[in-house]
Amino acid sequence: MGLDFLDNGSIFEHAITCAEFGKFHYFLLALCGLIYLNCAISVSVVSFVLPSAQCDFSLSSTDKGLLNAIPLLGMLLGAYFWGCLADMHGRKKTLIAALLMDGIFSLVSSVLTFFWPFLFCRFFSGFGLSGYLGICFPYLGEFQPKIYREKVLSWLEMFWTVGIILVPLIAWAIIPMTANYDIGIFRYSSWNIFLTLCSLPSIILALWLTRFPESPKFLLECGEFDEALDCLKRIYTENTGEPGDAYPVRSLIENEVRCSVISIQSKRSLRSVKTVKTSKDLKNLLKEVWYQTKEMFKPPHLKNTVLTCLIQFGLTS
C-alpha cells in the first residue's frame with residue numbers, strides 16, 4: 001500500500017489532473033487533517049490520564065508501564081492487518097473500520113472501572129489507531145494531481161503538530177475538575193470525561209468519511225473502470241461546478257475510445273486483483289501479511305526498512 005502508481009502512471013496522472021484541483025481537495029485535506037490530528041491526540045491520551053487513573057485503579061509501577069505499552073503493542077500488530085486490508089478492500093472502508101474501532105473501544109474504556117477490561121479496550125483502541133494513522137496518507141495522496149501531491153501531504157503533517165498542542169490544553173481544562181459521579185462500583189471522574197471527549201472525534205470522522213468516494217487509484221487497480229470514472233467526474237464537478245458530462249476523459253480503457261487514459265490489464269491480472277479485493281478468507285489475508293513482511297527484509301527494500309526503523313526510533317525516543 002502506498003503512493004506508487006500504476007505501470008502506466010503518466011496516463012493516470014492525466015486523468016486526475018483533468019479533474020482539476022479545488023473545493024473537493026480542500027474538504028478532503030480537512031478530513032484527513034482532522035484524522036491525523038486525532039491520531040496525535042489518541043497516541044498521547046493515556047499519558048495524561050495515567051496520574052488520575054493510578055489512584056482509581058490502584059496501579060503499581062508495573063501496571064503503569066503496561067498501560068503505557070499496551071496501546072503501542074496494539075498499534076504494532078494492527079499495522080500489519082490494516083495495510084493488507086486496505087489493499088484488499090479499499091482505503092475508504094478500511095479507514096472507516098479503523099476509526100470506528102478506535103472510537104468505540106476508547107469510548108467504552110472511558111466508563112470502565114476495572115483495570116484489566118480497561119487495558120483490553122486500550123489495546124484495541126491502539127490496534128484501530130494504527131489503521132487510520134497509516135492509511136490517511138495514501139488515501140489523501142491518491143486523489144492529488146502530481147503538481148500538488150507533495151505540497152498537500154506536507155500540509156497534512158501540520159495537523160499532527162496541532163494535535164500535540166491541543167491534547168495538553170484539553171487535559172489541562174478538564175482533568176483538574178472535581179467532577180465525580182459514584183453509583184455503587186461505578187465511578188466517573190474528570191479523567192473519564194477527558195477520555196470520552198477524546199474518543200468522539202474518531203466516530204464523527206468515520207461518519208463524515210462515508211460522504212467521500214473510494215480512491216480512484218484503488219478502483220483502477222481493481223479493474224473497476226466505470227466506478228473510477230464516476231469518482232473522477234464527481235471530483236471534477238465539485239471543483240469546477242460543471243456537470244460530470246463535461247469531464248474531458250470519456251473512458252479509462254485505452255483501446256475503447258480515443259481519449260482514454262489507462263491501458264487495460266490482462267484478464268488474468270484483473271481477475272487476480274479482484275479476487276484479492278473481494279476475498280474474506282482470513283487465511284489469504286495472513287498469507288498476504290506474511291508475504292509483504294518478507295519483502296520488507298529483502299533487497300532492495302531492506303535498506304529502506306532499516307533506515308525507516310532507525311528514523312522512527314529516533315523520533316519517538
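Helix H9 is followed by Gly-241, a residue whose phi is positive, near 80 degrees. The structure described here is a predicted model, and H9 itself comprises the 16 residues 225-240, which at 1.5 Å a residue should span 22 Å; the C-alpha atoms at its ends are 22 Å apart, in agreement with that expectation. Within this helix, the buried residues are Phe-225, Ala-228, Leu-229, Cys-231, Leu-232, Ile-235, Tyr-236 and Asn-239. Around the axis they cover an arc of only 160 degrees, which puts them on the same side of H9.

Across the whole structure, a search finds seven salt bridges. In one of them, the side chains of Arg-149 and Glu-13 meet with an N to O distance of 3.0 Å. This pair links distant parts of the chain, since Arg-149 belongs to helix H6 (residues 146-174) and Glu-13 to helix H1 (residues 9-18), 136 residues apart. Arg-149 counts as buried at 10% relative accessibility, and Glu-13 likewise counts as buried, at 13%.

A salt bridge also joins Arg-91 to Glu-142, with the closest N and O atoms 2.9 Å apart. Because Arg-91 lies in helix H4 (residues 91-109) and Glu-142 in the loop between helix H5 (115-141) and H6, the pair ties together parts that are 51 residues apart in sequence. Both Arg-91 and Glu-142 are buried.

In the salt bridge between Lys-217 and Glu-221, the closest N and O atoms are 2.9 Å apart. These two residues are four residues apart in helix H8 (residues 216-221), and therefore separated by about one helical turn. Salt bridges that share partners join Asp-87, Arg-91, Glu-142, Lys-217 and Glu-221 into one network.

Notes. Residues are numbered from 1 along each chain as its sequence is written. This is a predicted model: local features need pLDDT of at least 70, side-chain atom pairs count only at pLDDT 80 or more; totals for chains, interfaces and linings use all residues. Side-chain values use heavy atoms; hydrogens and water are left out. The expected span of a helix is 1.5 Å times one less than its number of residues. Buried means under 20% relative accessible area, exposed over 50%, partly exposed in between (1.4 Å probe, protein chains only). The arc is that of the directions from the helix axis to the C-beta atoms. A salt bridge is a side-chain nitrogen of Lys or Arg within 4 Å of a carboxyl oxygen of Asp or Glu.
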